[in-house]
Amino acid sequence: METSLTIAQVAQRTGLTAHTLRYYERIGLISAVSRAPGGQRRYASADMDWLAFLLRLRETGMPIQGMQAFAGLRSQGDASVGERREMLEAHLAEVQARVKALQQSMQALSTKIAHYRAIEAKGKTKRPSLSGTAPERKTSDDEHTGQSEQQQRQPALRARAGQAPGNRR
């Protein structure tokens, strides 16, 4: 006999609240869960596997509507395997694009940090100011880098705002 888990046990294992589990069932993300004689939900290992996949989709940024569409296709069985694969391929491409953008941002941050460390290392060989603290000021690289980063981001920012690259407000 397969071991079943209560909603409290599932909540503890998944990090979801009991309310969220009931909500997921109500909106069709989770099929109707079997019930004990007293009416309490009992989750089987197959339910746990599906929940783990839903959490993966959620973690990768898939909206609930997408998860519902996927769950609907899943309920159709093998007839929808191709559609499910295509849906996951499209979602994977979106995730990969976000990862690439994050990697580019991480590289820019790392480059800037290294630059500031170099400036600080040079500054340690200079005589400290009389007050013991250096005045806060912009370095020449801030102006140069900030301008080029802003120029690089402009097409992306306009695209998000629904503007064509040549249209400025």
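**Figure 1. Gln 68 is partly exposed, with a relative accessible area of 29%.** This residue is found in helix H4 of a predicted model. Leaving aside neighbours within four places in sequence, Gln 68 is in contact with Ile 27 and Leu 29. Gly 28 lies 40 residues from Gln 68 along the chain, and the C-alpha atoms of the two are separated by 6.6 Å.

**Figure 2. The protein chain has six helices and two strands.** Along the sequence these elements follow the pattern α-α-β-β-α-α-α-α. Of the 169 residues in the chain, 24% are buried. Among contacts between residues at least 6 apart in sequence, 47% join residues at least 24 apart. The mean pLDDT of the chain is 83, with 72% of residues at 70 or more. Over residues 153–169, pLDDT stays under 50. For that stretch the model has seven contacts beyond four places in sequence.

**Figure 3. Helix H3 covers residues 45–59.** H3 has 15 residues, and the distance from its first C-alpha to its last is 21 Å, close to the 21 Å expected at 1.5 Å a residue. Which residues of H3 are buried? They are Asp 47, Met 48, Trp 50, Leu 51, Leu 54, Leu 55 and Leu 57. An α-helix has 3.6 residues a turn, so residues three or four places apart point the same way. The partners against which the buried residues of H3 pack are helix H1 (7–14), helix H2 (18–26), strand S2 (41–42), helix H4 (64–75) and helix H5 (81–123). After H3 comes Gly 61, which has a positive phi, near 90°.

**Figure 4. The largest nonpolar core has 23 residues.** Leu 21, Tyr 43, Leu 51 and Leu 54 have the most contacts inside this core. H1, H2, H3 and H4 each supply at least two of the core residues. H3 gives the largest share, six residues. In soluble globular proteins, nonpolar side chains tend to be buried together.

**Figure 5. Leu 21 is one of the residues with the most contacts inside the largest nonpolar core.** Which residues is Leu 21 in contact with, leaving aside its neighbours within four places in sequence? The list consists of Ile 7, Val 10, Ala 11, Leu 16, Ile 30, Tyr 43 and Leu 51. Tyr 43 and Leu 51 are also named among the core residues with the most contacts. Leu 51 is one of the buried residues of H3.

**Figure 6. Tyr 23 and Tyr 24 form a tilted aromatic pair.** The count of aromatic pairs in the model comes to four. In the pair of Tyr 23 and Tyr 24, the ring centres are 6.2 Å apart and the planes make an angle of 45°. Are the two residues buried or exposed? Tyr 23 is partly exposed, with a relative accessible area of 29%. Tyr 24 is buried, with a relative accessible area of 3%.

**Figure 7. The rings of Trp 50 and Phe 70 form a stacked pair.** Their centres are 6.2 Å apart and their planes lie at 10°, so the pair counts as stacked. The pair links distant parts of the chain, with Trp 50 in helix H3 and Phe 70 in helix H4, 20 residues apart. Trp 50 is buried, with a relative accessible area of 7%. Phe 70 is buried too, with a relative accessible area of 5%. Together with Phe 53, Trp 50 and Phe 70 form one aromatic cluster. What sits over the ring of Trp 50? The charged end of Arg 74 does, 3.8 Å from the ring centre.

**Figure 8. Ser 80 is in the loop between H4 and H5.** Ser 80 is buried, with a relative accessible area of 0%. Leaving aside neighbours within four places in sequence, Ser 80 is in contact with Leu 73 and Arg 74. Arg 74 is the residue whose charged end sits over the ring of Trp 50. Phe 70 and Ser 80 are 10 residues apart along the chain, and their C-alpha atoms are separated by 9.5 Å.

Notes: Residues numbered from 1 in each chain as written. Predicted model: local features only at pLDDT ≥ 70, side-chain atom pairs only at ≥ 80, totals over all residues. Heavy atoms only, no water. Helix = DSSP H or I, 4+ residues; strand = E, 2+ residues; numbered from the N terminus. Expected span 1.5 Å × (residues − 1). Buried < 20%, exposed > 50% of the residue type's maximum accessible area, 1.4 Å probe, protein only. Contact = heavy atoms within 4.5 Å. Core = buried A, V, L, I, M, F, W, Y, C linked by side-chain atoms within 4.5 Å. pLDDT = per-residue confidence, 0-100. Phe/Tyr/Trp six-rings, centres within 6.5 Å; stacked < 30°, edge-to-face > 60°. Lys NZ or Arg CZ within 6 Å of the ring centre and 35° of its normal.
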